[in-house]
Every structure is written in C-alpha cells, then in structure tokens.
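Please keep the 3D view open as you read, and take the points in order.

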Amino acid sequence: MDNFGFLKVAAAIPSVRVADCVYNTERIQALCEEAAQRGVEIVAFPELAVTSYTCGDLLLQQTLLDEADEALRMLIRETRKLPLVAIVGAPLRHGSTLCNCAVVFTQGRVLGVVPKVCIPDYGEFYEARWFASGAGITEEHISVAGQQADFGADLTFEVNGAEFGVEICEDLWTAIPPSSQLALNGAKVIFNLSASPEAAGKHDYLRQLVAQQSARTIAGYVYCSAGYGESSSDLVFAGNGLIAENGTVLREAARFSLDEQLIVADVDIERLEYERRRNTSFRMNEAASENTVIEMEISEALRAAALDRDIDPLPFVPKDEAHRSERCEEIFRIQAHGLARRMAHTHARTAVVGISGGLDSTLALLVTARTFDLLGLDRAGILGITMPGFGTTDRTYRNALELMRGLGVTVREIPIRDACLQHFRDIGLDPADRSAAYENAQARERTQILMDVANMEGGLVVGTGDLSELALGWATYNGDQMSMYGVNASVPKTLVRHLVKWAADTERDAATRATLLDIIDTPVSPELLPADDKGRIAQKTEDLVGPYELHDFFLFHLLRSGYGPAKTLLLAEQAFEGSYDRTTILKWLRTFVSRFFSQQFKRSAMPDGPKVGSVALSPRGDWRMPSDASAAAWLRELETL
C-alpha cells in the first residue's frame with residue numbers, strides 16, 4: 001500500500017425515502033462520487049440503504065425486491081469509473097429465503113455479498129419476520145444485479161493489500177460478533193452496516209462498543225447507521241457514523257443531522273499489523289482454517305496528500321480534560337505504590353532525593369512525599385539534598401529550597417564545588433577545560449553524595465531521571481543515570497511537565513504552588529556549566545539535543561507504533577505544522593535515532609522503576625535491545641528524506 005500503510009475509509013449517511021429505491025441509489029451514487037473525489041478507497045452505507053430500513057412488510061413484496069435489484073444494477077453501472085469499493089445494504093433473495101445483505105462492489109463488478117448473521121426478534125426489532133440468518137452460509141453464490149457473486153458470512157476482501165470484512169448491525173451486539181472471527185481470519189478493517197434507532201443513553205454504549213470491538217480485534221472499525229428520512233412511526237434514526245482504530249475513535253458523525261454526511265478517516269493498516277505481530281495472544285488465536293478472500297486493486301490516483309486523521313503532537317499527555325485529574329492521580333499512585341513496595345522490601349527508614357530545582361527532581365520529590373503519606377510516615381524522613389555546583393543559578397537554588405520547605409521534608413545543602421575542584425586536581429583536569437569530564441564529574445559527585453548519605457541513614461536513593469532522558473542517553477553513566485529506584489523511569493518529559501502542572505493546580509499552599517509554577521517555567525538544564533554574566537542558565541538542554549516535544553513524539557511512534565523514520569517524519573510534519581518546519585523536524589529526528597541506538601548501554605544498566613504507560617525502556621521488560629545494535633538501516637532511510 002502507498003502512503004505508509006494508510007487506508008482511507010468512509011462511513012456515508014445518505015438521505016433516504018422509504019421504499020424509493022431509485023431515489024435512494026441516486027443519493028448513494030452522489031456520496032460515492034464525493035468519496036472518490038476525497039480519495040476514499042472504501043465507503044460503507046447503512047443497512048438496507050437501497051430500500052431504507054423501515055419498509056416493514058413491504059420487504060416481502062415482489063415489486064420492492066425487483067425494484068431494489070434493478071436500482072442496485074444501475075448504481076453499480078453508474079459508479080463503474082470510480083476508483084473505490086462501495087459496501088451497500090440491500091435485501092436479497094436467496095432460494096426461498098430473504099437475506100439482509102451487504103453488497104460489496106467496485107468498478108462495475110460485484111465482489112461478494114455478506115448476509116446478516118444475527119437476526120433480532122425482540123422489542124422494536126422483529127427482523128425475523130422477514131429475514132433468514134446467514135449463519136452457516138459459506139462458499140455459496142447469489143444472483144445480484146444481474147451478476148453471480150460469492151455469498152457467505154465468512155467472506156473477506158482485500159483492496160490494495162488491506163484485508164477487510166463486513167458485519168451487519170445486530171452482529172456487533174452479540175456475545176461473539178462475526179467480526180471477531182473475521183479479524184482472526186485476517187481482516188484489518190471491519191465495516192458495520194447498521195440501522196440502529198436512538199434511545200436515551202444508547203449512544204454512549206454504542207460508542208464504547210465500537211471502540212472496544214476495534215480494540216479486541218486490533219482492527220479498524222467503520223460503523224455506519226441509518227439517518228434522516230427513515231420512518232419515524234415508532235423509532236428515530238440519528239445517523240450514527242463512527243470510525244475507530246484499536247480502541248480509539250478517529251472520526252464521528254454529527255447525530256440528528258438533517259443533511260447527508262460523509263465521515264472520512266485514514267486507518268493505519270501498518271500500525272495494526274505491527275500491533276498484531278507484537279500481541280502474542282492475538283497470534284495464538286489466529287484462524288488456522290482458510291476462508292474466502294476476494295482480492296482487487298484500485299487506483300489511488302485521487303488519494304489526498306493530507307491525512308484524514310488527527311495527529312496528536314503530545315501522544316503521552318492526557319487530552320481528555322474531563323478525566324485529566326483522574327489520569328494524573330492514577331500515574332502518581334502507580335509511582336508511589338512502586339516506591340512504597342521497594343521501601344518496604346528494603347526496610348529503608350528514609351528516602352534520599354537530590355533536588356535541583358528542575359522538573360524531574362520536583363516530580364520525584366512529589367511522588368516520594370505521596371509515598372510517605374501512603375505509608376503513614378513522617379515526611380521528615382525524606383532527605384532532600386540540594387548540591388549547588390558551578391552552573392547552579394539563584395533561581396533553581398531558591399526553588400529547590402522553597403519546594404523542600406513547602407513539602408515539609410528535611411532539607412540538606414551540600415555544595416560540590418570544592419569537592420569537584422579537588423577531584424580535578426587529583427585527575428589532572430584543568431577546570432577551564434569544559435569537556436565531558438568537567439560536566440560528568442559533577443554528576444558523579446552528586447550521585448556519590450546521595451548514595452553515601454543513603455548508606456549513612458539507612459535510606460534509599462530515589463532516582464529523578466525521566467524516560468526522555470533515557471531514550472536520548474542524556475544522563476551521566478554511573479552519575480544521574482544511577483539510583484536505587486527510579487520513579488520517573490517511564491515518564492517522558494512532556495508528561496513530567498504536565499504532572500507537575502497538575503500538582504501545582506491542586507496544591508493548597510499558595511507559596512508552594514508559586515514555586516511549582518516557576519519550576520515549570522524554568523528552562524530544562526543539567527546546570528553543569530557556569531551561568532552567563534547575568535546569572536542565567538547558560539546550558540539549555542533543548543538547544544543541545546532538541547525540543548523534548550519532538551523527541552517524545554519520535555519515541556512514541558518509533559517504539560509504540562513501530563514506524564520507520566519516513567512515516568514518523570510524515571506524521572510529525574502534520575502534528576507540528578506551524579511550530580516546526582520539515583528541515584527542523586528532520587534534523588532532530590536524525591539526532592534522536594543516532595542517540596537512541598548509541599546510548600542503549602545506559603538503559604541496559606538502569607535501575608528498577610515502575611512502568612506507568614504503554615512505552616517503557618526497561619531492559620527487563622518492554623525494551624530488550626543489544627547495546628551494540630546498529631542504527632545503519634534507520635539512518636539510511638533518513639538519508640533518503
């Protein structure tokens with residue numbers, strides 16, 4: 001597939017007239033033409049869209065069935081030049097029975113027909129009055145629109161390398177939907193042709209159902225339901241359209257619209273394949289039996305360059321404001337419970353935290369305070385140690401002290417300047433030589449202090465380094481890379497900032513809240529080089545290795561999504577449009593790839609720490625990579641961009 005494995009799909013909700021097949025197929029044709037102009041490759045229409053769903057006993061009338069077949073024939077002929085696949089609901093005769101069907105066609109050819117399996121006969125649903133179930137129908141044929149087509153509930157179709165399946169309305173609401181088996185048979189996208197009436201509270205359940213089924217099947221799920229024009233004698237149809245992917249709703253129609261709608265989204269087939277490869281539970285249950293797969297190729301000439309898909313520039317940061325507090329609270333609890341268990345296991349009487357006045361140490365201290373509260377311990381048992389050095393500024397020094405005082409922990413100040421100068425003399429390093437040795441000696445001196453104080457006090461050193469720093473190797477080996485338990489080890493920098501902001505928003509003490517907000521506004525820096533002539537931070541991390549929001553984006557998509565550099569660049573350009581240009585993104589992407597591979601040795605020796613999200617770099621869990629792995633293939637791909 002072109003365009004990095006994206007498949008452009010659509011849910012179409014046409015205007016209908018009850019039992020007017022000619023009008024209905026004209027509206028279907030118009031939406032097919034619009035879909036083609038938008039580069040859609042597969043478009044689905046509601047259940048029984050040709051006749052309308054609410055025909056009642058008219059569905060048994062020969063006149064309506066003949067009219068439906070002829071209108072469908074005209075529709076297939078009139079759309080033969082369109083480079084897309086259409087899936088349209090229609091009642092079809094099969095022997096002496098009538099089936100509620102999805103007709104799949106492209107460029108004048110009927111590819112196959114899928115019958116509805118679960119025929120409801122309860123409440124307002126009494127389809128069993130007219131339709132027979134398609135359960136058990138496999139490898140049969142049916143006459144439709146003057147053609148003979150494959151007919152069966154197990155059919156799957158493949159367009160431009162992307163396999164998809166179809167189920168109809170009630171099928172989704174059953175204990176084991178047909179789509180579950182279709183996915184195990186190989187379908188990456190499921191289309192559901194529906195005509196589900198509205199009821200108070202039903203939509204939320206439907207939305208959850210669609211999202212959850214897409215997650216269980218690790219698939220795209222396109223749900224399309226009947227809308228305006230259906231009979232309102234007893235029911236109302238709101239025109240629900242949903243496109244989901246692996247648990248996330250990508251696009252959603254406007255309910256109760258009086259207008260026709262075409263909901264378009266790009267489903268990431270490549271990522272779905274990656275998720276299925278890494279999910280051993282899914283692989284264990286893949287179908288061993290062969291099902292009928294109908295393959296076709298269609299032109300992608302009209303495919304739009306822009307993706308019909310929202311690309312989140314901050315994939316690690318919670319977006320739902322309604323649940324923001326709940327998510328932050330959950331992350332803090334994970335971190336605190338992990339630290340609590342480690343302290344109990346090691347019989348630690350105190351916790352030792354190095355406090356720099358920066359974001360990472362602030363989060364680590366907040367988590368440690370939460371842990372002591374959880375264990376019912378006095379916060380005085382937390383030894384907060386600030387260790388001013390050559391690059392420490394008044395701002396960070398002041399914030400470190402005020403934060404510790406505000407949280408009620410024991411404050412210690414141990415300057416490292418004299419110790420480092422002695423060390424420089426011992427190893428013969430000129431203090432004017434601002435090399436890696438000059439910087440790393442300070443980081444290792446601080447780590448030595450923390451470790452030795454912890455030994456003296458029967459304590460445990462709480463690490464402050466975050467996931468982004470681990471990914472880039474932006475840490476001193478056997479310096480700040482090391483601790484006795486790293487509470488921030490799987491928290492990326494963008495999320496660290498978000499968590500500290502949440503802590504500030506919920507902090508009752510005004511002075512502590514002001515300190516937290518100032519820490520958030522302070523440039524990220526290791527402060528290992530002297531301040532400038534105005535006493536400001538001279539060494540800004542993001543000037544040296546690049547913006548953390550870019551690196552976190554790269555980290556998420558290279559590891560969690562399994563993307564290569566080219567696809568990551570494509571998505572980053574869309575996500576950061578107006579913030580970073582292509583040249584800038586590409587520059588820092590090269591930096592990320594190079595550093596990620598070269599710095600694995602630091603992650604191979606990283607201390608224990610709790611996993612809080614879907615991406616982690618622990619060599620004992622989520623990420624197992626040789627320290628001498630080559631980045632050549634990734635760098636070669638970057639050279640082509």
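**Helix packing, a pocket and cavities**

1. Let us begin with H5 and H16. Helix H5, residues 269-278, packs against helix H16, residues 548-560, at an angle of about 60°, and their axes are 10 Å apart. The two helices H5 and H16 are therefore oblique to each other. Please bear in mind throughout that this is a predicted model.

2. Which residues bring H5 and H16 together? On the H5 side they are Arg271, Tyr274, Glu275 and Arg278, and these meet Phe556, Leu559 and Arg560 of H16. By class, this contact of H5 with H16 has three nonpolar residues, no polar ones and four charged ones.

3. Next, please look at the largest pocket, which holds about 1500 Å³ of space. Its lining is made up of 39 residues, and nearest the centre of the pocket lie Thr248, Asp312, Pro315, Arg327 and Phe556.

4. Which elements give two or more residues to the lining of the largest pocket? They are strand S15 (248-252), H5, helix H7 (324-346) and H16. H7 gives the most, with five residues. Sorted by class, the lining of this pocket has 16 nonpolar, nine polar and 14 charged residues.

5. Now turn to helix H1 (residues 21-37) and helix H2 (residues 62-78). Their axes lie 9 Å apart and the packing angle is about 25°. An angle under 35 degrees counts as roughly parallel, and H1 and H2 are therefore roughly parallel to each other. The crossing of H1 past H2 is right-handed.

6. The H1 side of that contact consists of Cys21, Val22, Thr25, Ile28 and Gln29, while H2 brings Leu64, Glu67, Ala68, Ala71, Leu72, Leu75 and Glu78. In the contact of H1 with H2, eight residues are nonpolar, two are polar and two are charged.

7. Finally, the cavities. The structure has five of 30 Å³ or more, and the largest cavity contains about 160 Å³ of space. A set of 15 residues lines the largest cavity, and Gly465, Asp466, Leu470, Asp480 and Gln481 lie nearest its centre. The lining of the largest cavity divides into six nonpolar, six polar and three charged residues.

8. The second largest cavity has a volume of about 60 Å³. Its lining consists of Ile13, Pro14, Ser15, Gly227, Tyr228, Ala238, Gly239, Ser257, Leu258, Asp259, Glu260 and Gln261. Of the residues lining the second largest cavity, five are nonpolar, five are polar and two are charged.

Note on methods. Residues numbered from 1 in each chain as written. Predicted model: local features only at pLDDT ≥ 70, side-chain atom pairs only at ≥ 80, totals over all residues. Heavy atoms only, no water. Axes fitted to C-alpha atoms, helices over the stretch in contact; angles between N-to-C directions. Helix = DSSP H or I, 4+ residues; strand = E, 2+ residues; numbered from the N terminus. Parallel < 35°, antiparallel > 145°, perpendicular 65-115°, else oblique. Left-handed = near helix turned anticlockwise from the far one by under 90°. Contact = heavy atoms within 4.5 Å. Nonpolar A, V, L, I, M, F, W, Y, C, P; charged D, E, K, R; others polar. 1 Å grid on protein atoms, 1.4 Å probe; cavity = no way out; pocket = protein on both sides within 12 Å on 5 of 7 lines; lining within 4 Å. Points joined across faces, edges and corners; volume = space filled by probe spheres on them.
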